[in-house]
Amino acid sequence: QGRRPEAERASRAAVAIDPDFAEALNNLGVLLRETERVEEAVEVLASAVRARPGLASAQLNYGLALEELDRGDEAMAAYRRVIELAPREPTARIQLGLLQLDAGEREQALLTLRRAAPLARESRALLSALGNGLRRAGDAAMAARVLREAVEAGEEPAPAPGVAELALAEVAAGHREEAEQILTRLVGERADYADGHYLLANMLAARRAYRDAARHYERYLRLEPRGPLAAEAQGRLAYVRRQR
């Protein structure tokens with residue numbers, strides 16, 4: 001019901017009565033993590049895991065909290081334990097694969113992520129994270145398939161970053177025309193999505209459509225004058241203007 005302070009008090013009361021009540025510890029840890037008290041969440045979730053090592057949800061939440069504190073090796077160990085306990089749980093496989101990718105273990109990450117694909121059906125958030133990982137790991141074709149599924153999942157329109165991620169996967173798979181069409185539709189429907197304009201501008205510039213590229217770089221800079229890509233957009237805009 002969104003009554004988090006009351007939920008926290010009730011969870012703490014349950015733990016006070018039974019300090020080894022793993023489910024209550026797990027719930028409390030989730031509440032703490034959701035309210036940005038991650039260090040305390042890790043301590044509480046570690047207690048949940050000790051109290052009941054076979055509780056897969058506690059292991060998963062423990063791994064997620066550890067990852068937020070940049071304790072990647074410990075998070076990977078927690079995710080591997082989740083996979084042992086609940087082989088069909090997709091989140092642990094996806095998070096493990098992403099951490100392996102960040103650690104430079106590309107081949108192992110690709111194997112882990114591919115195994116997660118059949119388990120992440122119908123969850124837009126999981127499919128989007130999986131597709132991002134597959135693209136970065138080098139399987140652009142599978143990434144595009146997964147991201148198309150993510151975009152089509154659910155009744156609500158897909159979030160703009162997820163659609164942009166699909167376009168990036170299509171580019172990586174060599175489908176530049178499809179990617180440009182996706183981005184053109186995206187910025188047409190959501191004109192205030194700055195990153196979409198920047199990505200589309202890059203694609204237009206690559207095929208020497210400099211006038212149109214300049215227009216989208218300019219649009220990005222109007223929307224995000226101090227954005228993370230602003231300096232690069234300024235430089236690219238200056239270049240395409242010289243080419244016209």
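**Basis of the report**

The model is predicted: local features need pLDDT of at least 70, side-chain atom pairs count only at pLDDT 80 or more, and totals for chains, interfaces and linings use all residues. Residues are numbered from 1 along each chain as its sequence is written, and side-chain values use heavy atoms, with hydrogens and water left out.

**Overall architecture**

The protein chain has 14 helices and 0 strands; helices (H or I, at least four residues) and strands (E, at least two) are DSSP runs numbered from the N terminus. Along the principal axes, the C-alpha atoms of the protein chain fill a box of roughly 75 × 35 × 35 Å. Of the 244 residues in the protein chain, 47% are buried, where buried means under 20% relative accessible area, exposed over 50% and partly exposed in between (1.4 Å probe, protein chains only). Among contacts in the protein chain with a separation of 6 or more, 45% join residues 24 or more positions apart; a contact means heavy atoms within 4.5 Å.

**Two helix pairs**

Two packed helices are described by the angle between their axes and the distance between the axes. Here axes are lines fitted to C-alpha atoms, for helices over the stretch in contact, and angles run from 0 to 180 degrees between N-to-C directions.

| Helix pair | Angle | Axis distance |
|---|---|---|
| α10 (residues 160-172) and α11 (residues 176-189) | about 165° | 7 Å |
| α6 and α7 | roughly 160° | within 8 Å |

Helices α10 and α11 pack at an angle of about 165°. From α10, A160, V163, A164, L166, A167, E170 and V171 meet R176, A179, I182, L183 and L186 of α11. By class, this contact of α10 with α11 has 10 nonpolar, no polar and 2 charged residues; Ala, Val, Leu, Ile, Met, Phe, Trp, Tyr, Cys and Pro count as nonpolar, Asp, Glu, Lys and Arg as charged, and the others, Gly among them, as polar.

Helices α6 and α7 are likewise described as roughly antiparallel to each other, and α6 passes α7 in a left-handed crossing. The residues of α6 in this contact are P90, R93, I94, L96, G97, L98, Q100 and L101, which meet R106, Q108, A109, T112, L113, R115 and A116 in α7. The contact of α6 with α7 has 8 nonpolar, 4 polar and 3 charged residues.

**The buried face of α7**

In helix α7 (residues 106-116), A109, L110, T112, L113 and A116 are the buried residues. Seen down the axis of α7, these residues fall within an arc of 165°, so they line one face of the helix; the arc is that of the directions from the helix axis to the C-beta atoms. An α-helix has 3.6 residues a turn, so residues three or four places apart point the same way. The elements covering the buried residues of α7 include α6 (90-102) and α8 (124-137).

**Individual positions**

T91 is placed in helix α6 and is buried, with a relative accessible area of 17%. Leaving aside residues up to four places away in sequence, T91 touches L60 and L126.

A7 lies in helix α1 (residues 4-17) and is partly exposed, with a relative accessible area of 31%. A7 and L28 are 21 residues apart in sequence, and their C-alpha atoms are 8.2 Å apart in space.

Technical notes
Angles under 35 degrees count as roughly parallel, over 145 as roughly antiparallel, 65 to 115 as roughly perpendicular and the rest as oblique. A crossing is left-handed if the near helix is turned anticlockwise from the far one by less than a right angle, and right-handed if clockwise.
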